[in-house]
Amino acid sequence: MITNAQEILLKQYKEKAFINALLNEESCNYYNNIKNLINIPLIICNSVMVVINSMIENQDTLKILNIILNTSTGLIIGMISNFKIYERITTYRTLYIKYNKLSNMIDSKITNELELINVDFIENVVNEYNNIGEQLDYDYPSSIRKKIKKEYQDKMSLPLVLSVDIITCDENKCCCVKV
């Protein structure tokens, strides 16, 4: 059996895991949209290249157009690679699933087996939460952080990534960190 303080702590970790799951789901969707927007010109370039190759008979014109379209394709692929769009999507998706499972497991245990919860279970939850957090290699987009923080700030326990506002300093103004 656990104390009230331990039960509160467990509920806070459930809420933090839930919020982290939301952050990761929204970030995954955000980068999926970017990927789709970047892939559209890639598809168009390749389709145009096929049409041009089959229609134009003048080899000099064909060479120039192929160079332009191949360069465009290379730039688009380079952007995808440079910004690690696919890696971000995979990371955010994986973390969404892990945080969601952790939140659901805590909720199920509190709801169905509260009397069986012990200190070891709480320590395992904290360790699992920390281990999942260590797998995040990328920042969450600031628009997503702001949106989720605004929506849940006074309703749930927020993870550390939302507990502190990051501000930029201007040379002519005083910088203060909001906590």
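**Exercise 1. Find how far apart in sequence the contacting residues of the protein lie.**

Solution. Take contacts, meaning heavy atoms within 4.5 Å. Keep those between residues at least 6 apart in sequence; 77% of them join residues at least 24 apart. Some ground rules follow. The model is predicted: local features need pLDDT of at least 70, side-chain atom pairs count only at pLDDT 80 or more, and totals for chains, interfaces and linings use all residues. Residues are numbered from 1 along each chain as its sequence is written, and side-chain values use heavy atoms, with hydrogens and water left out.

**Exercise 2. Describe the fold and its overall spread.**

Solution. Start with the elements. Helices (H or I, at least four residues) and strands (E, at least two) are DSSP runs, numbered from the N terminus. The protein has six helices and zero strands. Its pattern along the sequence is α-α-α-α-α-α. Next, take the radius of gyration over C-alpha atoms; the globule rule is 2.2 Å times the number of residues to the power 0.38. The radius is 24 Å, well over the 16 Å that the rule gives for 179 residues, so the protein is more spread out than a compact globule. Last, the C-alpha trace spans about 85 × 50 × 25 Å along its principal axes.

**Exercise 3. Locate the largest nonpolar core and its main contributors.**

Solution. First, the terms. Buried means under 20% relative accessible area, exposed over 50%, partly exposed in between (1.4 Å probe, protein chains only). A nonpolar core is a set of buried Ala, Val, Leu, Ile, Met, Phe, Trp, Tyr and Cys residues joined through side-chain atoms within 4.5 Å. Of the protein's 179 residues, 33% are buried. The largest core has 19 residues; I19, L23, Y92, I148, Y152 and L162 touch the most other members. Two or more residues each come from α1 (4-55), α2 (59-82), α3 (85-112) and α5 (142-152). Helix α1 gives the most, seven residues. Now look at L23. Not counting residues up to four places away in sequence, L23 touches Y140, I144, R145, I148, P159, V161 and L162. Another core, of 18 residues, lies apart from the largest one; its members include I2, Y13, A21 and Y129.
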